[in-house]
Amino acid sequence: MSLPVLVAVPGPDEARLVAGWEPLRREVLVVRRCADLPEVLAAAAAGLARVVVLGADLPGADAEAVEALRRHGTGLLVLLPGDGSAPALEHRWRAFGARSFAAVGDEPAVLARAAAVVAEAARSASGVGDVPAVPLATDARVSEDGWTAGGAVAGVGRTVAVWGPHGSAGRSTVAVNLAAELAGTGAATVLADLDTRGACVAQLLGLLDEAPGLLAAVRAATEGRLDARSLHRCASLVLPDLAVLTGSPDPGRWSELRPVGLRRVLEVAVGSAEWLVLDLPGGLDEHDGEAVRDAATAAALEAADVVLVVGAADPVGLQRWIRGWQGVGDVVPATPAVAVLNRVRASAVGAPAARRVASVVHRFTGVDDLVLLPEDLAADQALLAGRTLHEVAPRSPLRRSLQELAQLLEDSVPAPSPPEVPVDLVGI
């Protein structure tokens, strides 16, 4: 049975490709020659073909188009020109998420075989088409503008998601100061504010937020322009080893945090630092359209190596946290979760506060290894100064507890192995 293929290759190369495949109709059949990318996506959505062959210079291509083809189960083969522009075009398409390439001047039989390989990969969960995107820049830390101080460079870093149930539990305070503690060890660290309901990392650190760095990075990623250097230009350096991607304080801009571009941002960031800390909004709703708003949160949780489930240590916060913790296995079934209760104080739960909170949590969840962060006025001092606890109150109880949490993560979260680079189809 012939392999149905869509073709969209600008210029005379398309005619040569179709003519070369004419004698091979038993192997490959061009079901449509598409004029532009929207026509390609419409035909793929209709299930007309198993493979799309696109010219590398096709106008309008971006990461969302590549992701749309993946969702439709359609393989993608990108044809590179035979001139000096091929490396730059391949770099651009890799940034979009494409993984299979061939040369436009290859023999028709070679291209037909490449298309068959791509089709099979698209159908297989373990095939080339499902290999995670590989960061284009793995030199870990950018050597310009001061983001160079500190310890050894890791090829692939570790991702910490700071999450929890709805409510004001102090997740952003935890995320900011945890990132500062990790950076304080000399580890290159990136902090990203992914809160689509009330981003506030910029305010906590005294940064201007008129141009959110995270949204700029997502736009660059969607357009295939993001690498370690451009990511660094989107970030603000607040400590020698801590770069921050600020979020938008306007909840109405949540749609700009597109999951496809965000995944690419996370890939580049985790290939550019030893730690990536994600400040997430509370909860993960699955109704009334909220799942669309929370798509960025879901993508971040999927990318995390460990999730800190943060709640407030008061009667209302504990109730919310316990219910959230009981369902955390459904949200992140394969990711380790760390139980964190913040603002522990006797005035809310009675004395001794830590023992009472631990007892309630154990009774309802069975959790023994609970991380307790005390209520501390030093957090207000840091907020007023627009600085971290590390800077304004290095001996405060909350700062010491966050140091211990950072050490716990260092000891318990192994650095993942670098992903294998998939085999290209050039010269197959």
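In this predicted model, the side chains of Glu 375 and Arg 343 meet in a salt bridge, with 2.9 Å from N to O. The pair links distant parts of the chain, 32 residues apart: Glu 375 lies in the loop between E13 and helix H17 (378-385), while Arg 343 belongs to strand E12. Glu 375 is partly exposed, at a relative accessible area of 35%, and Arg 343 is partly exposed as well, at 33%.

Strand E12 (residues 337-344) pairs with E13 in the parallel sense over 3 bridges. Within this pairing, Leu 341 has Leu 372 in E13 as its bridge partner.

Both strands belong to an open sheet of 8 strands, which follow the order E8-E9-E7-E10-E6-E11-E12-E13 with mixed pairing. Its edge strands are E8 (236-239) and E13 (371-374), each of which pairs on one side only. From one strand to the next, the twist averages 25°.

Helices lie across this sheet. Helix H13 (residues 315-326) lies across strand E11 (306-312) and E12, running at about 175° to E12. Helix H19 lies across strand E6 (158-163), strand E10 (275-279), E11, E12 and E13, and runs at about 155° to E13.

H19 (residues 397-412) has 16 residues and reaches 23 Å from its first C-alpha to its last, close to the 22 Å expected at 1.5 Å a residue. Its buried residues are Leu 398, Arg 399, Ser 401, Leu 402, Leu 405, Ala 406 and Leu 409. These residues cover an arc of only 160° around the axis, so they are on the same side of H19. The face turned away from that buried side carries the exposed residues Glu 404 and Asp 411.

Glu 410 counts as partly exposed, at 37% relative accessibility, whereas Arg 158 counts as buried, at 11%.

A search of the whole structure finds 14 salt bridges. The table lists some of them.

| Residue pair | N to O distance |
|---|---|
| Glu 375 and Arg 343 | 2.9 Å |
| Glu 410 and Arg 158 | 3.3 Å |
| Arg 70 and Glu 67 | 2.5 Å |

Arg 70 and Glu 67 are 3 residues apart in helix H3 (residues 63-71), which means that about one helical turn separates them. Arg 70 is partly exposed, with a relative accessible area of 46%, but Glu 67 is buried, at 14%. Elsewhere, Arg 219, Arg 253 and Glu 256 are linked in a network of salt bridges.

Terms used. Residues numbered from 1 in each chain as written. Predicted model: local features only at pLDDT ≥ 70, side-chain atom pairs only at ≥ 80, totals over all residues. Heavy atoms only, no water. Helix = DSSP H or I, 4+ residues; strand = E, 2+ residues; numbered from the N terminus. Expected span 1.5 Å × (residues − 1). Buried < 20%, exposed > 50% of the residue type's maximum accessible area, 1.4 Å probe, protein only. Arc of directions from axis to C-beta. Pairing = 2+ DSSP bridges. Axes fitted to C-alpha atoms, helices over the stretch in contact; angles between N-to-C directions. Contact = heavy atoms within 4.5 Å. Salt bridge = Lys/Arg side-chain N within 4 Å of Asp/Glu carboxyl O.
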